[in-house]
Amino acid sequence: ELLKDFNPCMYTGSESPKQKDEAKEAFINGDCRVLIISLRAGAGLDGLQHVCRTGVIGELDYSTGVVDQCIGRYARDGQAEASMAYFMLADSGSDPIIADILGIKRGQIEGVMDPDADLIERLENEGGNVRKLAEAYLERVMLNQELVREHEDSPA
């Protein structure tokens, strides 16, 4: 509703191939100013680089390559103007933990992808990511239970 002035279209796993093609064409032709793409739904999607240079990543994936491929759908070599990607991260839930993991993974893969990169082993991983995620989840559950109890105990 808030984006209705931009005539947003969807390119996710919920649309048929025909609907995806229509959404892509609407975006490329300027009829749609916001194209919402799932990270893994746009494999093989081409043409966005001619009309788009800004992306907003609203979900994280455990693979840095999936995110890079999504950005690569609009950010291509040889473009006249630079492209930008914004990452929307929550300060609670799984985002902080997944973001940390992605940083470690990126550091590991850079040496493989860039033969000129320094070969330095990064040891700052403190581990316990699954534990942190579980603790954050349990904390949220306990807070929600407390709020429910307070609501039930309060006079109507």
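Colleague: Does R40 count as buried or exposed, and at what relative accessibility?

Modeller: Please note that this model is predicted. Exposed means over 50% relative accessible area. R40 has 57% relative accessibility, so R40 counts as exposed.

Colleague: With which residue does R40 form a salt bridge?

Modeller: The partner of R40 is D61, with 2.8 Å between the closest N and O atoms. D61 lies in the loop between β3 (54–57) and α2, whereas R40 lies in the loop between β2 (35–37) and β3, so the pair ties together parts that are 21 residues apart in sequence. Buried means under 20%, and D61, at 12% relative accessibility, therefore counts as buried.

Colleague: How many salt bridges does a search of the whole structure find?

Modeller: The search finds five. Among them is the pair of D46 and R76, whose closest N and O atoms are 2.9 Å apart. This pair links distant parts of the chain, 30 residues apart: D46 is in the loop between β2 and β3, and R76 is in the loop between α2 and β4 (84–87). D46 is partly exposed at 37% relative accessibility, as is R76 at 31%. Another salt bridge joins the side chains of K4 and E1 at 3.2 Å, N to O; K4 and E1 are both exposed.

Colleague: Which residues touch the most other members of the largest nonpolar core?

Modeller: They are C9, F27, L35, L39 and L48, in a core of 18 residues. At least two core residues come from each of β1 (9–11), α1 (17–29) and α2 (64–72), and α2 gives the most, with four. Leaving aside residues up to four places away in sequence, the contacts of F27 include L35, L48 and V51.

Terms used
Residues numbered from 1 in each chain as written. Predicted model: local features only at pLDDT ≥ 70, side-chain atom pairs only at ≥ 80, totals over all residues. Heavy atoms only, no water. Core = buried A, V, L, I, M, F, W, Y, C linked by side-chain atoms within 4.5 Å. Buried < 20%, exposed > 50% of the residue type's maximum accessible area, 1.4 Å probe, protein only. Contact = heavy atoms within 4.5 Å. Salt bridge = Lys/Arg side-chain N within 4 Å of Asp/Glu carboxyl O.
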